[in-house]
Amino acid sequence: MHKSEDKGKTFVYSKKRGYDVTRNPLLNKGMAFSLEERLQLGIHGLLPPCFNSQDVQLQRVLKNYDMKRDELDRYVFLMGLQDRNEKLFYRVLLSDIERFMPIIYTPTVGLACQQYGLIFRRPRGLFITIHDRGHISTLLQNWPEKDIRAVCVTDGERILGLGDLGCCGMGIPVGKLALYTACGGVPPQQCLPVMLDVGTDNEVLLKDPLYIGLRHKRVRGQAYDDLLDEFMTAVSDRYGMNCLIQFEDFANVNAFRLLSKYRNKYCTFNDDIQGTAAVAVAGLLAALRITKTKLCDHTIVFQGAGEAAMGIAELIAMAMEKEGLAKDKCFKKIWMVDSKGLIVKGRDQLTHEKEMFAHKHPEMRKLEDVVRELKPTAIIGVAAIAGAFNQQIIKDMASFNERPIIFALSNPTSKAECTAEQCYTLTEGRGIFASGSPFDPVTLSDGRTFFPGQGNNAYIFPGVGLAVTACAVRQINEGIFLTAAEALAHQVTEKDLAEGRLYPPLSSIRDVSLKLAVKVMEYAYEHNMAALRPEPSDKEAYVHSLTYSTDYDEFSVDAYRWPEDSMAVQTCKL
C-alpha cells in the first residue's frame, strides 16, 4: 500500500482485493467505500448497497456504545471496532476523548487486563516468550509493518496497581499506543505493542483454563536478561536506532536497572518512572501558581518508594536545583514512606535508590505520625494503597497548610489514596488535589464546584513520543521530561486553576500534546540531541504535518494513458 497526493486529495493504492480489503482495519472503510472504489477493489456486492459518510458511521457506533451494559462491555466493543476499522476507531475517540479515555486506558483497562483471557477476541501486537530466545529477529519479521517508530513493551509483572497479570498485561501496551495516536497523532501503523512472556507468579492465572500465556513461574536471572538484551538489539536492528522503545509496567526489581542499563545506548524510557514523574511535577508547577511559592519552598512526603515515587522525586529535585537550590539540599526536602515506614539513614536493606532519600531521623512506622512530625506542604501517594490518606492525615495537612497539596496518583481508581470528595470536603475546599484516575466534579455545601485534575501520563508520553520520533532523538535524558513538565504546566490557564484543575481539560489533549512536542523538539535541537537534519525552521508546522488524520483516504487504481500513437493497435491483413 502506498499513497500519492493529487489536487489536495490523498489516494491510496493497494494490491489487495475483495475480503483482504474489508477485513484489513488499516484499509477498511465499511459502507464509506464509493461505488467506484467497490468496483475497483472487488468488494462490490460484499457490502450492503448503501453509502455512508464517516459521520453516519460515528453515529451508529455511539448508539451501539450507549447500549452496552458496563465499562468492560464498552472496552470490548471499542477494541472490536479497532480491529475492524482503525480510522473510525480514532474518529470515535477524538469525538470525545474525555469520555473514551477512561475506557481504553485507566481505570477500565485494568479490569480488561484482569479479564483478558475471557474477553480475548483477536490478537493485537507481538507476543515474544522466553522460549523464543535466539529467534526474536525472526518474530519481528512476522510483523507486517516495516516502518515502526514506537514500541511499547511490558512483561506484565506490575500492571497498574494490580500486580502480576502475566500475558494478560498486553492490554496496557495496546492501550498506551492507542493514546500515542489519539493524543499525540502518531500514525497507528508506526506503533508496535509487545508482550515479553516469561511466565507468571500469579497462581490464579496459572490455574485458569482461559489464561492465554505461558503456564509456569517467572523466569528470572541471566535467562531473563539475555531475553531483554536480544529484544533491544533485534528491535534496533530491524527498525533503526531511532525507534523509540517505551518500557511499561515492569516490576521495581527490573524497572530501575533496565532503565539504567539501556538509557544511554538506545532510544528508550520507562513511563512508570519518567512519564509519571513529568506529569506529577507538571501538577506541582501548576500548584505553585496557587500557593505563590517556589518548589524549593516545599517539603514533600511520598507514600510509596517504588518506580513512580523515585522518578517523581528525582525530577522534583532537578526542578528545585534549576530554581537555584543546591543538589544535596533538594534531596533533603523529600521524604519517603514505604511498607516498613519512614525511610531513614541506618535502616536495614535500603536499595541504592532509597538511600538517596534516607535522612537522619528516628524510625517511624505510620504515615499519620510522619505527616504530623514533618508537617509537609505536599503529600504524594504512589503505593496503590487504597485509603492511605485517611481523614486524620487530610485534616492534619489542612491544619498546618493554608493550601495543602494532596496528590492521590495510584491507579486504578480503586487503589486511590483518597477521593477528590474527601480531599475537598475535609480541607473545606483549600486542598490542591490531583489523582491518577478520573474523579467526578465535587460540589461543596457552600455551592463551590471543583473539577479534580487527573495526573494522567497521557498528558506526557504521546507528546514526548511524537517529538522524539519526529526529530530522531537517539537517547532520552531527564531534561526532556522536565521540559515536558514545564510545557504542560504552562498550558494550564487561570480559569483551570480556579476550577481546581492542575492540568488542561482532557478534551484539549491533542493540542496540548502537539505544543508539548514542539517544546521538546526545541530542547532536543538546543542540546544537540536530534539527528534529523536539516532542523525544521517551523517546528509546529512540521509536527502537524506528521500527525495522523482520521479522514478516510480515497482508493484509486493506478491508471493512466500513453500518447495516442503509442497506444495504437497494430493490425495486419490475413
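Trainee: Let's start with Arg257: what is its relative accessible area, and how does it count?

Mentor: Keep in mind that this is a predicted model. Arg257 has a relative accessible area of 33%, so it counts as partly exposed.

Trainee: Which residue does Arg257 form a salt bridge with?

Mentor: With Asp225, and the closest N and O atoms are 2.6 Å apart.

Trainee: How many salt bridges does the structure hold?

Mentor: There are 35. One of them pairs Asp271 with Lys176, with 2.4 Å between the closest N and O atoms. Asp271 is in helix H14 and Lys176 in helix H10 (residues 171-184), so to speak distant parts of the chain, 95 residues apart. Both Asp271 and Lys176 are buried.

Trainee: What about Glu486, which side chain does it meet in a salt bridge?

Mentor: Lys322, at 2.8 Å from N to O. That pair links helix H22 (residues 478-490), where Glu486 is, to helix H15, where Lys322 is, and the two residues are 164 apart. Glu486 is partly exposed at 29% relative accessible area, while Lys322 counts as exposed at 57%.

Trainee: Which residues are linked in a network of salt bridges?

Mentor: Arg158, Asp249, Asp272 and Glu307. Two of those names come up again with the pocket: Arg158 and Glu307 are among the lining residues closest to the centre of the second largest pocket.

Trainee: OK, switching to that pocket. What volume does the second largest pocket have?

Mentor: About 920 Å³. It is lined by 44 residues, and the closest to its centre are Arg158, Asn252, Gly306, Glu307 and Val382.

Trainee: What's the lining like by class?

Mentor: It has 17 nonpolar, 16 polar and 11 charged residues. Elements that each supply at least two lining residues include helix H13 (252-262), helix H14 (271-291) and strand E9 (334-338).

Trainee: Now the strands. Why is E4 described as largely enclosed by the rest of the structure?

Mentor: Because 5 of the 5 residues of strand E4 (residues 150-154) are buried. Ala150, Cys152 and Thr154 point one way, and Val151 and Val153 point the other way.

Trainee: Which strands is E4 joined to?

Mentor: E4 runs parallel to strand E5 (residues 191-197), with 5 bridges joining them, and Thr154 has Met195 as its bridge partner there. E4 also runs parallel to strand E6 (residues 244-247), joined by 4 bridges, and in E6 the partner of Val153 is Phe247. Together, E4, H10 and E5 make a right-handed β-α-β unit.

Trainee: And E11, which way do its residues point?

Mentor: Ala378 and Ile380 point one way from strand E11 (residues 378-381), Ile379 and Gly381 the other way, and all are buried. E11 pairs in the parallel sense with strand E8 (residues 300-303) over 4 bridges, and Gln303 stands opposite Gly381.

Trainee: How does the chain cross from E11 to E12?

Mentor: Through helix H19 (residues 391-399), in a right-handed β-α-β crossover. E11 and strand E12 (residues 405-408) run parallel, joined by 4 bridges, with Ile405 as the bridge partner of Ala378.

Key. Residues numbered from 1 in each chain as written. Predicted model: local features only at pLDDT ≥ 70, side-chain atom pairs only at ≥ 80, totals over all residues. Heavy atoms only, no water. 1 Å grid on protein atoms, 1.4 Å probe; cavity = no way out; pocket = protein on both sides within 12 Å on 5 of 7 lines; lining within 4 Å. Points joined across faces, edges and corners; volume = space filled by probe spheres on them. Nonpolar A, V, L, I, M, F, W, Y, C, P; charged D, E, K, R; others polar. Salt bridge = Lys/Arg side-chain N within 4 Å of Asp/Glu carboxyl O. Buried < 20%, exposed > 50% of the residue type's maximum accessible area, 1.4 Å probe, protein only. Pairing = 2+ DSSP bridges. Right-handed = clockwise from strand over helix to strand, strands pointing away.
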